[in-house]
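Biologist: I am new to this structure. Could you show it to me and take me through its main features?

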Amino acid sequence: MPTQRIDVMHPADMSPTDLQSWNALRARTAPVANPFMSPEFCQAVGRVRPGARVAVVRQDGEAAGFFSFERGRWGRGRAIGLGVSDCQGAVLHPDVHVDPHQLLRASSLSVWEFNHLESSQGLFLPFATGRFASPVVDLSSGYTHYENLLRTRSRRFLKSALAQDRRLGRRVGPLRFVFDERDPAVLRTLMAWKSAQYRRTGRRDRFAQDWINNLVRILADTDAPGCSGLLSVLYAGERPVAAHFGLRSRTVLSYWFPAYDRDVAPFSPGLVLHLRIIEAAAAAGIDLLDLGRGDAPYKDYLKTRELTVHEGALLRRSPGAAVHWLSREPARAVRRFVSERPKLKTAALHVLEGAGRMRDRRP
């Protein structure tokens, strides 16, 4: 019978051998590997979140699994980077069997919360309380094939996007697209646009949180096969008019923070940017563009299919787990109730947008 041991450490303390094993396991278990599940993303979060940890499952002395998490008070745990991470779970050798409650005990956790759990995560799926569509663009057959699909399924959308591309170039300035921009000033511009968008729509401004600001800057300088920061920019003349910052692996681009200059909004620069990114991603060998959980009209037009992600929590009998349930589950149940009813959801969005407008009017 194999001997199993679980070692818990800070992400920065993982050995080069462990990092290599993590990447090899991920490549074996997920050929289309999301960069949020990489050791590089975990280590980047470890630099900005003091509670970041990794439980390394060793079988017969060899690393056979990695479970990254953040640990807070009362042993309340959450997925690494929860709030900005679009793919969560553990990376395990297919022949390794771990008791999830034992994993929590070894990690000194009373609860582990997730909201973007991969559908392949059999270890945690029994503890999911909600499931959500995550639209994706399949580029495995190349951009020409994808564009032909758009012409068949979303002809009016594609025609409008191409027309706006031409109008933007004529009215604002010649268009230039950079798939992998390295100018930090443009990244700062994108973050300012995104902050304004959050406020305008009544949502919490993620970039008002120092740890997210710092995480994005760290990832912008990360260049590893399994996780690289990718800033893509659409210029009109010398002026950036739309940009996106995301993460890529060899085969997946995770769409993360898109935004555009509101001064040129009538020309739909965001829409033009989406198509430019998709075309460049296909040329760069990316098989899948993950648009992420959440509703947006452009996602419905662009997607070729949907993945499923899950939210929920794994709990142990403990005071910390009870505190978690009381503080999170009632609100989560309300959100699910609203999201499953279109009229209520539309009304809630109008309230958020109204709150955003009022906030912008304040001196």
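Modeller: Of the 45 residues in the largest nonpolar core, those touching the most other members are Phe41, Leu215, Leu219, Phe245 and Trp256. Such a core is a set of buried Ala, Val, Leu, Ile, Met, Phe, Trp, Tyr and Cys residues joined through side-chain atoms within 4.5 Å. Buried means under 20% relative accessible area, exposed over 50%, and partly exposed in between, with a 1.4 Å probe and protein chains only. This is a predicted model: local features need pLDDT of at least 70, side-chain atom pairs count only at pLDDT 80 or more, and totals for chains, interfaces and linings use all residues. Residues are numbered from 1 along each chain as its sequence is written, and side-chain values use heavy atoms, leaving out hydrogens and water.

Biologist: Which helix gives the most to this core?

Modeller: Helix α7 (residues 210-220) does, with seven residues. Helices are DSSP runs of H or I with at least four residues, numbered from the N terminus.

Biologist: And what does Phe41 touch?

Modeller: Not counting residues up to four places away in sequence, Phe41 touches Leu215, Leu219 and Trp256, among others. Contact means heavy atoms within 4.5 Å.

Biologist: Changing topic, is Arg171 buried or exposed?

Modeller: Arg171 is exposed, with a relative accessible area of 58%. Its place is in helix α5 (residues 155-171).

Biologist: How far is Arg171 from Ala236 in space?

Modeller: They are 9.2 Å apart, C-alpha to C-alpha, and 65 residues apart in sequence.

Biologist: Which residues of α4 meet α8?

Modeller: Tyr143, Tyr146 and Leu150 in α4 meet Leu275, Ile278, Glu279 and Ala282 in α8.

Terms used:
Helix = DSSP H or I, 4+ residues; strand = E, 2+ residues; numbered from the N terminus.
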